[in-house]
Amino acid sequence: VWLVGEGWGTILNLSADLDNEGAIEASQNSNIGVFNLKIAYTGATSTYSAHGIYFKRSNRIFLDKLFITGFGADGIRILNASGDVDPTHYCQDVWITKNYLKANGKKFATGGNGISMGECRNGYILHNTVDDFSLFGIDLEGVFLDNITVSKNHLTCTGYSAPTDRHGRGIAVQLIDAGGSYVEDLRNINIINNTIDNLTLTHSVYSSGRFGVIYVSNSGSATLGKNISVKGNQINNITGTTIYGISIEGYLIGGEVIHNEIDTITGSTEGDGINVRTVSANFPVSHLDVSHNLIKSASHQGIEVNDAAGGTGDGVSYTSMIGNTILSSGDYGVKIEGTNKTNCKIIANTILNSTTGAISDGGTNTIIRNNVGYVTENSGTGTIASGATSAVITHGLSVTPTLDDISITFGEQGTADYGRWWVGTITSTQFTLNVS
């Protein structure tokens, strides 16, 4: 079935609200296409429970060059029937491309998404513009998500006066718990080359929680998430209460957060460029690559790693932060805190103009080296004056060294035999070389 318009002058008007149904809806169908037309809700402003397009348990779906506007629920909704958590009832081969979705300030209950996709294999959300959404711009949420690509979309807000509840998250990837009835699955998710700008994250549902402009969470599932890529995205001018440019929460192994540009993240309580954390017991994060990102003007941490759950089975481990450029953070450039953070790497980053400091290491077995703005290796020369028995050396390191970090080579024989020598009184700025 193909529904083809002649451009956005071809308009489907929905003048009466629907109860969680779509202006265009299909269930358990294959080979469905809607192209090149406008879908608009023009009904009463008291309720907003209709979706623009709602396809359930269908395969080979093509939605291209649509203008969907005025819907307070989801502009496009692709997933199982409501309440169906059977992951075998998934949609497959879904293409959502080159559409323009605008909510015009309307919202339904806790809010609507621009594009919502759940229980899907082989989904492609490409080259769309989502404007003025009240909950999530693009929401991937369900018990089964496999091989989903979200690329080259633009999420923004050009301004509206009502409602006061505004954006929850820009792009959200959330695997939900099927209640033990089924095995959940989250894998092969690619969030690539999207632009997200000019958002105010103040939705009431999340006012006491954490907003991630790009948010990936597997913390409610007992199944390990794999192969998550957040790459090449641009995130600019985001404000709110507790917000992160990119937020990664366990239960995940592997994956990458690389080559993203994040500029001006302003949170009144907390505002991080990138935040990696565990929030639920026994759902760790490990072997995540956070590298080659550019982060400017985060109100708190440039990058934060945090085991917020604090249980024995939790933790963030083997996470590498390499080659990032972090400028003008309001607290630290990189901060590791919480209970269980082990074997992380902070290597070859450029960290400049952070208010409190470049790096705060609360982890165990953290490798820190070769960072600009945080000196962990240094060398120099010094002299013990004739007749003196010690020399105080300024080491110039950003961290207090231990005895086994210090190596001394004598360049010449003293006028008098100095006998034995040793290092003592090591401080955050100096150490003392003693001779007998």
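N128 lies in the loop between β13 (120-126) and β14. The model is predicted. Its protein chain has 0 helices and 42 strands, and 52% of its 436 residues count as buried. The points below move from the whole chain to its cavity and pocket, and then to individual residues.

**Overall architecture**

- The secondary structure of the protein chain consists of 42 strands, with 0 helices.
- Among contacts in the protein chain with a separation of 6 or more, 77% join residues 24 or more positions apart.
- The protein chain exposes about 17,700 Å², and carbon and sulfur atoms supply 48% of that area.

**The cavity**

- Rolling a probe the size of a water molecule over the atoms shows where empty space is left.
- The structure holds 1 cavity of 30 Å³ or more, and the volume of the largest cavity is about 110 Å³.
- The lining of the largest cavity is made up of 19 residues, and F71, G75, K102, A103 and N113 lie nearest its centre.
- Strands β8 (67-69), β11 (100-102) and β14 (129-131) each contribute at least two residues to the lining of the largest cavity.
- By residue class, the lining of the largest cavity comprises 7 nonpolar, 8 polar and 4 charged residues.

**T69 in strand β8**

- T69 belongs to strand β8, and β8 (67-69) is one of the strands that supply at least two residues of the lining of the largest cavity.
- T69 counts as buried because its relative accessible area of 7% falls under the 20% cut-off.
- The side chain of T69 reaches the backbone oxygen of K102 at 3.2 Å, and K102 is among the residues that lie nearest the centre of the largest cavity.

- With a relative accessible area of 1%, N128 is buried, although its place is in a loop, between β13 (120-126) and β14.
- A polar atom of the N128 side chain lies 3.1 Å from the backbone oxygen of L126.
- Not counting residues up to four places away in sequence, N128 touches I96, T97, K98, N99, I115, K152, N153 and H154.

**The largest pocket**

- The largest pocket has a volume of about 1,300 Å³.
- Its lining consists of 40 residues, of which G382, I393, I408, T409 and L433 lie nearest the centre of the pocket.
- Strands β40 (390-394) and β42 (430-435) each supply at least two residues of the lining of the largest pocket.
- Strand β42 provides the largest share of that lining, with 3 residues.
- The lining of the largest pocket divides into 15 nonpolar, 21 polar and 4 charged residues.

**W421 in strand β41**

- W421 lies in strand β41 (residues 421-424).
- The relative accessibility of W421 is 39%, so this residue counts as partly exposed, a class that lies between the limits of 20% and 50%.
- Although W421 and V435 are 14 residues apart along the chain, their C-alpha atoms are separated by 4.3 Å.
- Not counting residues up to four places away in sequence, W421 touches I408, F410, L433, N434 and V435; I408 and L433 are among the residues that lie nearest the centre of the largest pocket.

**Residues with positive phi**

- N147, a residue other than glycine, has a positive phi near 60°.
- N147 lies in strand β16 (residues 144-151) and is partly exposed, with a relative accessible area of 24%.
- A348, a residue other than glycine, has a positive phi near 60°.
- A348 is placed in the loop between β36 (345-347) and β37 (350-352), where its relative accessible area of 38% makes it partly exposed.

**L18 in the loop between β2 and β3**

- L18 is found in the loop between β2 (11-14) and β3 (22-27).
- The relative accessible area of L18 is 27%, and the residue is partly exposed.
- L18 and H51 are 33 residues apart in sequence, and their C-alpha atoms are 8.0 Å apart in space.
- Leaving aside neighbours within four places in sequence, L18 is in contact with A23, S49 and A50.

Note on methods
Residues are numbered from 1 along each chain as its sequence is written. This is a predicted model: local features need pLDDT of at least 70, side-chain atom pairs count only at pLDDT 80 or more; totals for chains, interfaces and linings use all residues. Side-chain values use heavy atoms; hydrogens and water are left out. Helices (H or I, at least four residues) and strands (E, at least two) are DSSP runs, numbered from the N terminus. Buried means under 20% relative accessible area, exposed over 50%, partly exposed in between (1.4 Å probe, protein chains only). Contact means heavy atoms within 4.5 Å. Accessible areas come from the Shrake-Rupley method with a 1.4 Å probe; for residues, only the protein chains shown count as cover. On a 1 Å grid over the protein atoms alone, a cavity is a set of points where a 1.4 Å probe fits but cannot get out, and a pocket is an open set with protein on both sides within 12 Å along at least five of seven lines; lining residues have an atom within 4 Å of a point. Grid points are joined across faces, edges and corners, and a volume is the space filled by probe spheres set on the points. Ala, Val, Leu, Ile, Met, Phe, Trp, Tyr, Cys and Pro count as nonpolar, Asp, Glu, Lys and Arg as charged, and the others, Gly among them, as polar. A polar contact is a pair of N or O atoms within 3.5 Å; within protein, one must be able to donate a hydrogen and the other to accept it, and residues adjacent in sequence count only if both atoms are side-chain atoms.
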